Amino acid sequence: MFDELESFIRSLFSKKSDQVVSLHEPTFSGNEKKYLLECLDSTFVSSVGPFVDQFERSIENYTGAKHAIACVNGTSALHISLKVAGVMPEDLVLTQSFTFVATCNAISYLGAQPYFLDVSNSCLSISPECMEDFLIKQTKKSNSGLIHKSTGKRIGACLVMHSFGHPAQLNELEDLCKTYEIPLVEDAAESLGSLYQGQHTGTLGDLGIFSFNGNKISTTGGGGVVITNSEKKAKKAKHLTTTAKIQGSYEFIHDEIGYNYRMPNINAALGCAQMEQIDVFKTKKRDLADNYKEFFNSYPEVDFFVEPQGTESNYWLNTIRLKDQEEKTRLLNFLNSKKIMARPAWKPMHELNMYSKCGRTSLVNTNRAYEQIVCLPSSVITSINI
Ligand SMILES: Cc1ncc(COP(=O)(O)O)c(C=O)c1O
């Protein structure tokens, strides 16, 4: 299958045998240059300017979220979302070990600690069964919130991540969070455009975030967005990301320790052009996934990861599961030796030094996913006909 896969990927991306096929590169086929030049001509290149507001409105219109707040990157958006959700120093935040490190770093920036739950095999995000079992057996309600019995620490929030763009089991997680009175924050960094029962990921929790890094479905170069339906939370997020400066006066008065996290106008200009094309990007990415799916139909030993039932995924990264770690490593080595940038999933967080002492449930599915998964080149192919 290895040689056939190499030829198939090369033909999909129209690359000759000596050319690199990247994992995910951006597409600039719309008004990117025009808006960037407008931005330069206006001299408004930093965190004040019309493109920032326009970009925020485009995210609200696209996702249906009532409020969007543009940030310098997805990590800062996560940091602010968790803070606005009420996470405090010493809290535990329920999350998945199967994620990119930014999810856990944002928790740590607040002096809180991740507590790792296993993932479901169907979507590679927090397993509601695992979370329910943990909540029933290991927590108790108190006046100060939900307490983890064995450490006495408060559970500050649940932070779920939509892996590779595939939506998590949001209804179940939302119900658990409501019952146990903990905020739900969605790390939708990878899943802009993905729908869960018709609703955009990021809009079901108390707050959600997207990343607009160069490797995402839509990019601002570097960038992130916080979304929420709560006006109060949106105001707080905007205030914190703009150095907590009191607006409406020329005086520099800041009423708390804030952050210089506001997205610059020049990045937002790029984002506005990209958001005009988001429907096309998503359709082409879903079409690419169909092509991969059809290819792997001939190889029953390979499991092509398909969108979970009731969802519509943006298929940010196309992923396959191989029989074991040895086979995964063999395929990764083969494709990379042929200049095809296939990648493994992230090493699970509980195996990284700084998070190795964090509390956790059994992580059988997490470990298996890491052992078996290979991510395949997934850029938008402009030549795919739709
Ligand atoms: C799951 C996840 N969370 C958070 C981030 C952080 O976003 P950024 O790189 O924009 O800071 C990323 C991606 O880069 C991500 O994949």
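Guide: Let's begin with the side chain of Thr241, where a polar atom lies 2.9 Å from the backbone oxygen of Ala237. That makes a polar contact (N or O atoms within 3.5 Å; within protein, one able to donate a hydrogen and the other to accept it, with sequence neighbours counting only if both atoms are side-chain atoms). Thr241 belongs to helix H8, residues 231–241; helices are DSSP runs of at least four residues (H or I), strands (E) of at least two, numbered from the N terminus. With 0% relative accessibility, Thr241 is buried (under 20%; exposed is over 50%, partly exposed in between, with a 1.4 Å probe and protein chains only).

Keep in mind that this is a predicted model, in which local features need pLDDT of at least 70 and side-chain atom pairs 80 or more, while totals for chains, interfaces and linings use all residues. Residues are numbered from 1 along each chain as its sequence is written, and side-chain values use heavy atoms, leaving out hydrogens and water.

Another buried residue is Asn365, at 18% relative accessible area. Asn365 sits in helix H12, which covers residues 364–372.

Take the polar atoms one by one. Gly74 uses its backbone: an N or O atom there is 2.8 Å from a ligand oxygen. Asp187 uses its side chain, with an N or O atom 2.8 Å from a nitrogen of the ligand. Glu190 has a polar side-chain atom 2.6 Å from a ligand oxygen. The protein buries 92% of the 380 Å² that the ligand exposes when taken alone (Shrake-Rupley, 1.4 Å probe).

Charged side chains give you another set of pairs to trace. The structure holds 17 salt bridges (a Lys or Arg side-chain nitrogen within 4 Å of an Asp or Glu carboxyl oxygen). One of them pairs Lys153 with Glu90, whose closest N and O atoms are 3.1 Å apart. Lys153 is partly exposed at 22%, whereas Glu90 is exposed at 52%.

Glu56 and Arg57 form a salt bridge too, at 3.6 Å between the closest N and O atoms. Here Glu56 is buried, with a relative accessible area of 2%, while Arg57 is partly exposed at 36%. The side chains of Glu351 and Lys347 meet at 3.5 Å, N to O; both are partly exposed, Glu351 at 40% and Lys347 at 39%. Some bridges share partners: Asp53, Glu56, Arg57, Glu60 and Arg262 are joined into one network in that way.
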